[in-house]
Amino acid sequence: MTNATRTETDSLGTIDIPADRLWGPQTERARRLFRIGTERFPPGLIRAVGLQKQAAAEANARLGELPADIAAAIAAAAGEVAEGRHDAEFPLPVWQTGSGTQTNMNANEVISNLANRALGQPLGSRRPVHPNDHVNRGQSSNDSFPTVMHVAAAEAVSRRLIPALGVLLASLSRRARDWEAIVKIGRTHMMDAVPVTLGQEAAAWARQVEHGIARLQDALPRVLELAQGGTAAGTGLNRHKDFPQVFAEIIAARTGLPFRPNPNTFEGMGAHDALVELSGAMNTIAVSLNKIGNDVRLLGSGPRAGFSELVIPADGLSSSIMPGKTNPTQSEALTMVAAQVMGNHVAVTIGAAQGHLELNVFKPVIIHNVLQSAGLLADAAESFAANMVDKLEPNHARIADNLAKSLMLVTALNPRIGYDKAVAIAKLALAEDITLKAAAARLGHVSEADFDRWVVPAEMVHPGTTLDGGG
């Protein structure tokens, strides 16, 4: 940005704007007024802004609301915005008017200037393409910004988050198959329990991710409903009667997603329940990934004094003071992301609860957190799959040793000798540090031959094994 300025005049008076910038007076005033934080909207939202303005211009042209040449110039300029060619022209922070009006006006001014420059006019001319009369034709910030929110969220989830979770699901599913025959000690209450397989543990992780994808897919239909057409308060004042349908058709064609008009624009502008639901699905995914990250961290703890049933991949990172130490860095990154997403959901929940009458005025903070959650979860899922799950190796010797020493194998004896005698065997084995087989023989409850026939860990991990219940 150069030191040179140009002076522009609008309904509020004159203001100096950096000469080489595409924004106008409204954006410049907001840039000076909202000096709050460093958070800016991500490229995905700016892309959605461009798509929204492009579709609006094309719909207005199709419906005879804009001259063809004006609409074409707007659509071309908005297309450049959607392509990410002018992201630097959107300098405003998330922390602005709660309707997103400043970002909508920022878009109107940038697109107007781009269109006018293409038509041979200087920046700031506001003719022949006016930011309000033409770029914002038949629109309000109150219906345009929630539309942008839904477009950006739907694209982020459909194009980025769901595929990334699919990568993690495939990785975990492969490990479940690879490890299906590795019998190990199970743990409940963080204490030794009956045997499971390492594959069963990995399959549970995969199922959590599979459910997470399904939850996102279940939430998307409500996100695909667009508030565009409600204009200022939901009534549709100052727009063509067919504008919502034509707009939605154009957006759907350009994104490949089945967007449609919200049949009740009052709901789409005054409430953001659809984004709360979507954020809630991501919150659940964060809980799932936190569980997976912690399980891997626990099973890989050691290598000498922990569980050490999984060998954590050496990633080239180490302790600054303890030479050769390998830490579960991917688990730590994943669980930190989970914590952030959980916090984001609180912010989305509180923000969406601030709908009053015909408008919610926490729109920027809602979409900021929704998009951050989607991006973080996608990045973390892919990183964890590639840098942790795909490289994990079972520690077969440690798994076998832990299994052999487990007192909870005695559970297999419940149907044979009863709970009380099984307890006595386990207590004696623990007290005298002997095997279950030796304790059973000393107490005279089970012969060694019967013990070997009845206590078979590999048979205890499959459905149909006769075991007493209990947690």
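Helices (H or I, at least four residues) and strands (E, at least two) are DSSP runs, numbered from the N terminus. This is a predicted model, where local features need pLDDT of at least 70, side-chain atom pairs count only at pLDDT 80 or more, and totals for chains, interfaces and linings use all residues. Residues are numbered from 1 along each chain as its sequence is written, and side-chain values use heavy atoms, with hydrogens and water left out.

**View 1. A loop residue with positive phi.** Find N238 in the loop between β5 (225–226) and α8 (243–255). Its phi is near 75°, a positive value in a residue other than glycine. Most residues other than glycine have a negative phi, and most peptide bonds are trans. N238 counts as exposed, at 65% relative accessibility (buried means under 20% relative accessible area, exposed over 50%, partly exposed in between; 1.4 Å probe, protein chains only).

**View 2. Another positive phi, at L357.** Here phi is near 60°, in a residue other than glycine. L357 sits in the loop between β8 (355–356) and β9 (359–360), and is exposed, with a relative accessible area of 78%.

View 3. The bond from R127 to P128 is cis, with omega near 5°. Look for P128 in the loop between α4 (101–118) and α5 (131–135).

View 4. G302 and P303 are joined by a cis peptide bond, with omega about 10°. The loop between α10 (273–299) and β7 (310–311) holds P303.
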